[in-house]
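Let's take a walk through this structure together, stopping at a few spots along the chain. Have the sequence and the 3D view open as you read.

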Amino acid sequence: MLVQNGEERLREFTEREYKETVTEVTKGIWHVLGMGHSNAIFLEGNTGVILIDTLDTLERGERLRELIKEKTGKEVHTILYTHMHPDHRGGAGAFRDTAKEIIAFAPKMPILEHTGMLREIQMRRGARQFGYALSDEENISQGIGIREGIAYGDKYDFVPANIVYESDWEGREIDGVRLELFRLPGETDDQMAVWIPDAKVLCCGDNYYGCFPNLYAIRGSQYRDIAGWIRSLDRLRQFPAEYLLPGHTRVICGREKIEEVLKSFQAAIEDILLRTLEGMNQGKTEDELASEIRLAPQYRDLPWLGEFYGCAEWTVRAIFTAYLGWFDGNPTHLHPLAPKSRAEKMRKLIGGTEALIEAIRQANEEQDDQWCLELAEYWDEESADEAQNAQVRQWKIQALRRLASLETSANGRHYYLVSAKELEK
């Protein structure tokens, strides 16, 4: 979301929310915030410890192991992965020599075949989204947590699960602790919620965290079934939980507060989904809907729905393409001109290279930054001299950096800044 003080809002949110905090939520159950990009939760059993997620890198996992031994005097014998995102399992190697079982759910829906062929582009876009090329001051945070350890040279150390459930529910008693495990697709299709009935503790993974969720990842991913995510949130609300422990952000305590937060979180997402579908059915285009639909006023100022990670506008676009595909219904767009051909025709229409560079300059001077970037898409470096190319690149850099200063989403802000840095090389 682009707002006048976007960068300052992200900084304030980060400084308020991500101080390293270790909380004994209730007897024998600890929640670890701010030691890694994601959280970790550990439960003391009769002879060992059950660990829910392992932080994001080996080095941070080793710190976590020391903390667990300090608090319990015991080693981790069981690991539960709430899902397979690397920031939740990258520290597993620290527990390789003690963890006898590592438990996960299989995805409800498998990933698209041949997705592995997209590894390079997803890694490149992911590096932009997470801001790996940025300094700490430039980065601020990753929106739902402190920077990942790999930004500082740490290493992922993954250990595969040796128990993978295909069901939607499993009841277990592990080392004297009763657990119920639920597969509740949301941010991922393998998302696990862990219910500890004797303590009334619910660990919800990444189906809830204290800002607007990443219903679409700009690094590129399969569609995250938003209607399914809403159903999973409804299921979370049915537990009589006194403590809600998310995979990112703070613990929520108290049955009434948990219901207030989850109900509004669910309703805000559903509102965007339904308004988008209604607008699509009226014949509105993706661009029209993305420019119109924002968080409804009753949700906009809730402290757990700030657009510091996901973004309502990107959500609208994801819904449109998921339900109707790329075609917006306009026959003009059935066989559009190739980008290079369109750019050539636009340059002629504008009045040639000199008129285009003047228009880009003027947009930059007026700080009409989105228009500056869009005009620059028609620039042809092959037909211009190096001095002109350098000037256009500089204007693009300035536009990208100014847009970054307005962006509340850490993901979007990083993408602007890293793209600017790439042009500076």
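G93 counts as buried, because its relative accessibility is 12% and the cut-off for buried is under 20%. Please keep in mind that this is a predicted model. You will find G93 in the loop between α3 (86–89) and β6 (101–105). Setting aside neighbours within four places in sequence, G93 is in contact with L58, D157 and V159. For a sense of scale, pick out F320 as well: it sits 227 residues away from G93 along the chain, and the two C-alpha atoms are separated by 40 Å.

D157 belongs to the loop between α5 (136–139) and β7 (163–165). Its relative accessible area is 18%, so D157 is buried too. Again leaving out neighbours within four places in sequence, its contacts are L58, R89, G90, G91, A92, G93 and R96.

Now let's turn to charge pairs. Side chains of opposite charge can pair when their charged atoms come close. How many salt bridges does the structure hold? There are 35 salt bridges, and a few are worth a visit. In one of them, the side chains of K74 and E44 meet at 3.0 Å, N to O. This pair links distant parts of the chain, 30 residues apart, with K74 in the loop between α2 (58–72) and β5 (76–80) and E44 in strand β3 (residues 40–44). K74 is buried, at 19% relative accessible area, whereas E44, at 28%, is partly exposed.

A second salt bridge brings together R183 and D168, at 2.9 Å from N to O. R183 lies in strand β9 (residues 177–183) and D168 in the loop between β7 and β8 (169–174), so the bridge ties together parts 15 residues apart in sequence. Here R183 is buried, with a relative accessible area of 8%, while D168 is partly exposed at 36%.

Further along, R393 forms a salt bridge with E381, and their closest N and O atoms are 3.3 Å apart. R393 is in helix α14 and E381 in the loop between α13 and α14, which makes this another link between distant parts of the chain, 12 residues apart. R393 is partly exposed at 22%, and E381 is partly exposed at 40%. Elsewhere, salt bridges that share partners join R65, K69, E75 and D97 into one network.

Not counting residues up to four places away in sequence, E407 touches M1, L2, G6, E7, W314, G412, R413 and Y416.

Our last stop is helix α12 (residues 353–365). Which of its residues are buried? They are L356, I357, I360, A363 and N364. These residues cover an arc of only 125° around the axis, which puts them on the same side of α12. Their cover includes α11 (339–350), α13 (369–376) and α14 (386–406). On the other side of α12, E354 and E365 are exposed. Following the helix comes Q367, whose phi is positive, near 55°.

Conventions: Residues numbered from 1 in each chain as written. Predicted model: local features only at pLDDT ≥ 70, side-chain atom pairs only at ≥ 80, totals over all residues. Heavy atoms only, no water. Buried < 20%, exposed > 50% of the residue type's maximum accessible area, 1.4 Å probe, protein only. Helix = DSSP H or I, 4+ residues; strand = E, 2+ residues; numbered from the N terminus. Arc of directions from axis to C-beta. Contact = heavy atoms within 4.5 Å. Salt bridge = Lys/Arg side-chain N within 4 Å of Asp/Glu carboxyl O.
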